[in-house]
Amino acid sequence: MTTEIVERRRVPRRKTLLGARVIFNERQSTMSCRIRDLDENGARLAFDGPPLVPSEFELRVEQRDEKRRARRVWTKAREMGIEFE
């Protein structure tokens with residue numbers, strides 16, 4: 001029995017392993033994560049534990065010194081899919 005995966009993204013994501021930080025609570029709180037795949041519209045983030053962050057936050061990509069506003073689309077165990085604003 002074969003399970004077919006339906007791709008719903010407009011642009012394919014590139015596999016990556018970038019260090020990042022989720023910034024929230026008026027820049028008073030942060031949570032480290034890794035960006036597992038990325039495109040200009042969003043990303044899949046991996047955390048060491050459950051991603052206990054609000055639905056909207058700032059994502060800082062440490063190696064690129066880049067910050068973007070993001071919104072949580074889905075959460076599953078230690079991963080989260082986000083969409084950039």
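Mentor: One cut-off before we start: a residue counts as buried when its relative accessible area is under 20%. Also keep in mind that this is a predicted model.

Trainee: Okay. So is Gly-81 buried or exposed?
Mentor: Gly-81 is buried, because its relative accessible area is 1%, and the cut-off is under 20%.

Trainee: Where does Gly-81 sit?
Mentor: In strand β6, which covers residues 79-84.

Trainee: And which residues does Gly-81 touch?
Mentor: Leaving out anything up to four places away in sequence, Gly-81 touches Ala-43, Arg-71, Arg-72, Val-73 and Trp-74.

Trainee: Switching to charges. How many salt bridges are there in the whole structure?
Mentor: A search of the whole structure turns up seven. One of them joins Glu-62 and Arg-21 through their side chains, at 3.4 Å from N to O.

Trainee: Which parts does that Glu-62 and Arg-21 pair tie together?
Mentor: Glu-62 is in the loop between β4 (56-61) and β5 (66-76), while Arg-21 belongs to strand β1 (residues 14-24), so the pair ties together parts 41 residues apart in sequence.

Trainee: How accessible are Glu-62 and Arg-21?
Mentor: Glu-62 is partly exposed at 37% relative accessible area. Arg-21 is partly exposed too, at 28%.

Trainee: What does Arg-34 pair with?
Mentor: Asp-48, in a salt bridge whose closest N and O atoms are 3.2 Å apart. That pair links distant parts of the chain, with Arg-34 in strand β2 (residues 29-38) and Asp-48 in the loop between β3 (42-46) and β4, 14 residues apart.

Trainee: Are those two buried or exposed?
Mentor: Arg-34 is partly exposed, with 30% relative accessibility. Asp-48 is exposed, with a relative accessible area of 61%.

Trainee: What about Arg-44, what's the partner there?
Mentor: Arg-44 forms a salt bridge with Asp-37, and the closest N and O atoms are 3.2 Å apart.

Trainee: Buried or exposed, for Arg-44 and Asp-37?
Mentor: Arg-44 counts as buried, because its relative accessible area is 17%. Asp-37 is buried as well, at 5% relative accessibility.

Trainee: Which residues are in the network with them?
Mentor: Salt bridges with shared partners join Asp-37, Arg-44 and Glu-79 into one network.

Methods: Residues numbered from 1 in each chain as written. Predicted model: local features only at pLDDT ≥ 70, side-chain atom pairs only at ≥ 80, totals over all residues. Heavy atoms only, no water. Helix = DSSP H or I, 4+ residues; strand = E, 2+ residues; numbered from the N terminus. Buried < 20%, exposed > 50% of the residue type's maximum accessible area, 1.4 Å probe, protein only. Contact = heavy atoms within 4.5 Å. Salt bridge = Lys/Arg side-chain N within 4 Å of Asp/Glu carboxyl O.
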